[in-house]
Amino acid sequence: MDRGSFLGVLLGFTLLAVAIGLGPNPRIFFHPASAIVVVGGVIAATLIRFTLEHVSYAFSIASRAFFTRAPETQALVNQIVGLSQRARREGLLNMEKAMDVEGFLAKGLRMVVDRAERSHIQAVLAQELRATQERHHQGQEIFRFIALSAPSFGMVGTLIGMVQLFASIKDPSNIGGAMALSLLSTLYGAIIAYLLAIPIAGKLELRSKEELQLKQIMMEGVLGIEAEMHPTVLEAQLNAFLAPKERNADRRSRG
C-alpha cells in the first residue's frame with residue numbers, strides 16, 4: 001500500500017471530522033438530498049461521458065495505484081543484467097529456462113529467444129507502450145472529469161435549494177432544509193473534487209510515468225540482449241534511466 005496516499009486521505013477526512021465535530025450539531029452535515037444530487041449526478045454524468053467498461057477499468061487501476069507498489073528500478077536493472085550475463089554465458093535457450101519474469105519483459109524475451117527480427121521486437125514493444133499510455137490517460141481523464149463535474153453538481157444542488165428556499169418564504173418551517181441543500185451540496189462537491197478526484201488523477205499520472213519508465217528499461221534491456229550487448233555496457237545504458245542517488249546506492253551496496 002502507498003502509505004503516503006493512505007495517510008493523506010486519512011488526514012483529510014480526520015480534519016473534516018474534527019472541524020464538523022467541534023460544531024454545535026455535527027448531524028446537520030449529513031444531508032441525504034445533497035448527497036443524492038451530487039454523488040448521483042456525478043455518477044450519471046460520468047457514465048454518459050464514458051463507457052461503463054472504461055469507468056470500471058479506471059477505478060480498477062486507481063485501486064492498484066494506491067494498493068500496489070511498482071518494483072524498484074535498480075532491482076529491475078540488476079535482473080536484466082543477470083539475464084544478459086546468463087544469455088552470454090549459456091545461450092538464449094538456457095536463459096529462457098532461468099527466466100522468472102512475466103508480462104511485458106517476458107513477452108520481449110520470448111521474442112528474442114524465438115529469434116524474431118529486431119525491428120519486429122521493437123515495434124511490438126513500442127505498440128504496447130503506447131497502448132499502456134493510452135489506457136492510463138483514459139483513467140486520468142475520467143477522474144479529472146469527476147473533479148470537474150462534482151463542484152458543478154454541487155452548484156446544481158445549490159440552485160435547487162435556492163428555488164426551494166424562495167418557494168418556502170411563506171412557510172418558515174421549510175427554510176432550514178432548503179438552506180441545508182443549498183450549502184451542503186457545494187460542500188460535498190468540493191470534497192469529492194479536491195480531496196478525492198484531483199489527487200487520484202494526479203496519483204494515476206505519477207504511477208503511469210513510473211510504469212512507463214520501467215517498461216522502457218525492459219524494452220532497452222530486451223533489445224540489448226537481442227544485440228548480444230556486453231552486460232557491463234548494457235548495465236551502463238540501463239542505469240541512464242536511474243536517478244543519480246539510485247546509482248550511487250547501488251555502487252555502495254556492491255562495495
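A salt bridge is taken here as a side-chain nitrogen of Lys or Arg within 4 Å of a carboxyl oxygen of Asp or Glu. In this predicted model, the side chains of E211 and K215 meet that criterion, with an N to O distance of 3.4 Å. Being four residues apart in helix α8, E211 and K215 are separated by about one helical turn. E211 counts as partly exposed, at 29% relative accessibility, while K215 counts as buried, at 11%. Salt bridges with shared partners also join R144, E205 and K209 into one network.

Across the whole structure, seven salt bridges were found. One of them pairs the side chains of R49 and E141, at 2.8 Å from N to O. This pair links distant parts of the chain, since R49 belongs to helix α2 (residues 32-49) and E141 to helix α7, 92 residues apart. Both partners are partly exposed: R49 has a relative accessible area of 43%, and E141 one of 27%. A further salt bridge is formed by the side chains of K107 and E128, with 2.6 Å between N and O. K107 lies in helix α6 and E128 in helix α7, so the pair ties together parts that are 21 residues apart in sequence. K107 is partly exposed, with a relative accessible area of 37%.

Helix α7 (residues 118-167) also packs against helix α3 (residues 52-67), at an angle of about 95° and with the axes 9 Å apart. The two helices are therefore roughly perpendicular.

The largest nonpolar core holds 30 residues, of which I80, L105 and I225 touch the most other members. Two or more residues come from each of α4 (73-90), α6, α7, α8 and α9, with α8 giving the most, eight residues. Beyond its neighbours within four places in sequence, L105 is in contact with L76, Q79, I80, M218 and V222. A second, separate core of 22 residues includes A58, I142, Y188 and A197.

Two residues other than glycine have a positive phi. R115, in the loop between α6 (103-113) and α7, has a phi near 60°. E228, in the loop between α8 (175-226) and α9 (231-239), has a phi of about 60°. R115 is exposed, with a relative accessible area of 60%, and E228 is exposed, with a relative accessible area of 60%.

Definitions and conventions:
Residues are numbered from 1 along each chain as its sequence is written. This is a predicted model: local features need pLDDT of at least 70, side-chain atom pairs count only at pLDDT 80 or more; totals for chains, interfaces and linings use all residues. Side-chain values use heavy atoms; hydrogens and water are left out. Axes are lines fitted to C-alpha atoms, for helices over the stretch in contact, and angles run from 0 to 180 degrees between N-to-C directions. Angles under 35 degrees count as roughly parallel, over 145 as roughly antiparallel, 65 to 115 as roughly perpendicular and the rest as oblique. Buried means under 20% relative accessible area, exposed over 50%, partly exposed in between (1.4 Å probe, protein chains only). A nonpolar core is a set of buried Ala, Val, Leu, Ile, Met, Phe, Trp, Tyr and Cys residues joined through side-chain atoms within 4.5 Å. Contact means heavy atoms within 4.5 Å.
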